[in-house]
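Could you walk me through this model in my viewer, one selection at a time? I am new to this, so please tell me what to pick and what I will find there.

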Amino acid sequence: MDKVSVITPSHNCLPFLPKAMESVLNQTHKNLELLIINDNSSDNTKKYLTTITDSRIRVFHTAAGSAAKARNIGLRHAKGDYIAFLDADDYWYPDKLALQLNLHKLHPDIALSFTNYEHVDEELLPIVDCFAYWGYYQHASNFAFRVDRALETILINNIIGTSTVMLNRHQLAHPIWFDDSLGYGEDWDLWLRICEQHPIAVLNSVQTAYLMRQNSLTQTQNRKLDNLRHIEMIFDQYCRKHLHSQISSQGLTKGKARLLEGYADYYRSRHQYAKAIWLGLNSLRLDTHKRRVRSLLGDCRSVLKIAW
């Protein structure tokens, strides 16, 4: 029992994959398997994986073409009682799995747990952790706890990093899959579907490092508008469901404000400050937050600089 299947999709991540693998194999919890899904890499990943001799590692080669499809391959082959995900350019701290398993023992009915994570630069120096940036659980006294109104919480803002998730497959009502028809947000979509039917819990501790790669940031920025539209589509689905017992009208309003804030960020990055200000004002009108006030003030200063 307590075997953990770790699913790691990898596409041209050879410079980072060994560190991710090492962070799994060096976990203090040893009963695990690591499923590496090499998704059509052209950077000698396949050759590197032939040198691996650890019996806990299982390698699959595919041309799936997306992280969602690659993770689904891992889900089909996973043998563990629990499932965890780790992207090839992220890595874990040594007690991550052991601490999460303890959390699942403490709350045996939860189907999903997640942890805090920190962004690190290419020198592996910490930048900021997720919960601090978004202002979640900063005053929580407990190290681990169930998430109240989980569906509403995660709909307002997806604070669940994929590389922090652990699933108890015995608590899931039915087999779960990432919706690989979605162009973006398939992880958020899955967490929301789980939250609709199951309780979840959080480990209020940084146990994962998320690498901020410059080329990855550039690609994300170029796709940001399309990504926002996918997020809006998923959000609108839940608005139409009218899950009044799980999502309050206030929660929907906060979620809409967060979405508008995302669009404002996009136009700000394109130096289209008039659009950013308009969207920012509407976001602030729906849900007052000091971060949005700071962003608006920054946009106004930028407009004044251009005018002068």
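Start with the lining of the largest cavity: its residues divide into 1 nonpolar, 3 polar and 4 charged. Keep in mind as you look around that this is a predicted model. To see the lining for yourself, select Glu261, Ala264, Asp265, Arg268, Gly280, Ser283, Arg292 and Ser295. Three helices, α10, α11 and α12 (290-307), each give two or more residues to this lining. Which of the elements provides the largest share? That is α10, with 4 residues. The space inside the largest cavity comes to about 60 Å³, and a search of the whole structure finds 1 cavity of 30 Å³ or more.

Colour α10 (residues 249-269) and α11 (residues 273-286) and look along them. Two packed helices are described by the angle between their axes and the distance between the axes. Here the axes come within 8 Å and cross at roughly 165°. Angles over 145 degrees count as roughly antiparallel, and α10 and α11 are therefore roughly antiparallel to each other. The crossing of α10 past α11 is left-handed.

Now show the side chains where these two helices meet. On the α10 side, select Thr253, Lys256, Ala257, Leu260, Glu261, Tyr263, Ala264, Tyr267 and Arg268. On the α11 side, their partners are Tyr273, Lys275, Ala276, Leu279, Gly280, Asn282, Ser283 and Leu286. Sorted by class, this contact has 9 nonpolar, 4 polar and 4 charged residues.

For the last stop, move to another pair: select α7 (residues 186-197) and α9 (residues 224-241). Are these two roughly parallel or roughly antiparallel? Their axes come within 11 Å and cross at roughly 20°. Angles under 35 degrees count as roughly parallel, so α7 and α9 are roughly parallel to each other. Their crossing is right-handed.

Finish by showing the side chains of this second pair. From α7, pick Trp188, Asp189, Leu192, Arg193 and Glu196. They meet Ile231, Ile234, Phe235, Tyr238 and Lys241 in α9. In this contact there are 6 nonpolar and 4 charged residues, with no polar ones.

How values were computed
Residues numbered from 1 in each chain as written. Predicted model: local features only at pLDDT ≥ 70, side-chain atom pairs only at ≥ 80, totals over all residues. Heavy atoms only, no water. Axes fitted to C-alpha atoms, helices over the stretch in contact; angles between N-to-C directions. Parallel < 35°, antiparallel > 145°, perpendicular 65-115°, else oblique. Left-handed = near helix turned anticlockwise from the far one by under 90°. Contact = heavy atoms within 4.5 Å. Nonpolar A, V, L, I, M, F, W, Y, C, P; charged D, E, K, R; others polar. 1 Å grid on protein atoms, 1.4 Å probe; cavity = no way out; pocket = protein on both sides within 12 Å on 5 of 7 lines; lining within 4 Å. Points joined across faces, edges and corners; volume = space filled by probe spheres on them.
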